[in-house]
Amino acid sequence: MSRVAFMLREALVNLRRNILVVTGAVLAVFISLGLAFSALAVNELVRINTIAWQQGVHLIVWLNDAGRDGVPADAHENLLNEVLTWEEVANAYYVDKTAAYEEFLDLFGDNPEMVEALQNPSALPTSIRIELADIELYQQVEFRLQQYPQLIQRISSAAQEIEQISTVSRVLNLLGIVLSIVLGVSAMILIANTIRLAIYARRDEVSIMKLVGASNWFIRVPFLLEGLIEGLVGAALAVFAVWVAGRNLAGAAEGIQLVNLQVPNAFFLRWGVVFLLFGAAAGVLGSLLGLSRYLREADGGGRPAGVRRALEPV
């Protein structure tokens, strides 16, 4: 127990002695992981809004009037029943002329000129509104519907635009992951350089410890704890800063109906834990990198410079 307390005390002493260097390392981890965490949060917002945009009506099938121009009287009902049996379709419903006119008034009721221009409400076409099980299947459904040219006037679809948004979302997710890895490695390298500076500042003390028989791990542990603390503190600051920014952004955008800027707390909890573990691991790995070269030289044939100076007569 005394050995553990000694190693922890040495780590805290190292942090206090090199406060400026340690602050630089913590800020480096904070900036690196903060940017990476922000990228993931933006990707989550894109994913949430993409899913929201994918819900609802994806295809509108405008129909020719039944009982006219060779269209059977029950053609609309038969087509709706058939569409509902397709695996690609999650739901479909029929909009008659009365419902179409009510929808028209909802959209253009504030424009009297548009309402007056529609002299005959029965001129509005009936339609079938289709919700797809998977937005990427819209082309297959359109191909099936095109087999009824006499019944169908035209097909309106926003699925292609939504598919493009989905593609952008996937690309952003990939870039976010790559950015997280690159910035995480950068943070690890910065911690490694910080540990090297700490070893250089205490090289005489470390050399004497090696001379009197201290094992490599006895020397390593205080520096590993120092790197762990630096990585953990930097990661915690990054997670907290992104969480605060996310809350403020969601509060400022409460009145905006078009997009949802509310990142779920479950996302922050899940990825926050991941980033804390990553920051701690980066700090430990950075410390190992910073120590490896020095201890490798110490374990070699020659003594480090600090040992040679310590053994010189006064």
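Residues are numbered from 1 along each chain as its sequence is written, and side-chain values use heavy atoms, with hydrogens and water left out. Because the model is predicted, local features need pLDDT of at least 70 and side-chain atom pairs count only at pLDDT 80 or more, while totals for chains, interfaces and linings use all residues.

Let us begin with confidence. The average pLDDT (the predictor's confidence in each residue, from 0 to 100) is 77, and 78% of the residues score at least 70. Over residues 301–314 the pLDDT is below 50, and this stretch has 14 contacts (heavy atoms within 4.5 Å) beyond near neighbours in sequence.

Next come the strands. Helices (H or I, at least four residues) and strands (E, at least two) are DSSP runs, numbered from the N terminus, and two strands pair if DSSP finds at least two bridges between them. Strand β3 (residues 127–132) runs antiparallel to β1 (residues 59–63), with four bridges joining them. β3 also pairs with β2 (residues 89–95) in the antiparallel sense, over six bridges. Arg 129 of β3 is the bridge partner of Ile 60 and also of Tyr 93. Five of the six residues of β3 are buried (under 20% relative accessible area; exposed is over 50%, partly exposed in between; 1.4 Å probe, protein chains only), so this strand is largely enclosed by the rest of the structure.

Leaving aside neighbours within four places in sequence, the contacts of Leu 79 include Leu 63, Ile 128 and Leu 145.

Finally, the structure holds two salt bridges (a side-chain nitrogen of Lys or Arg within 4 Å of a carboxyl oxygen of Asp or Glu):

| Pair | N to O distance |
|---|---|
| Lys 97 and Asp 65 | 3.0 Å |
| Glu 88 and Arg 144 | 3.8 Å |

Glu 88 sits in the loop between α3 and β2 and Arg 144 in helix α6, 56 residues apart. Glu 88 counts as buried at 13% relative accessibility, whereas Arg 144 is partly exposed at 33%.
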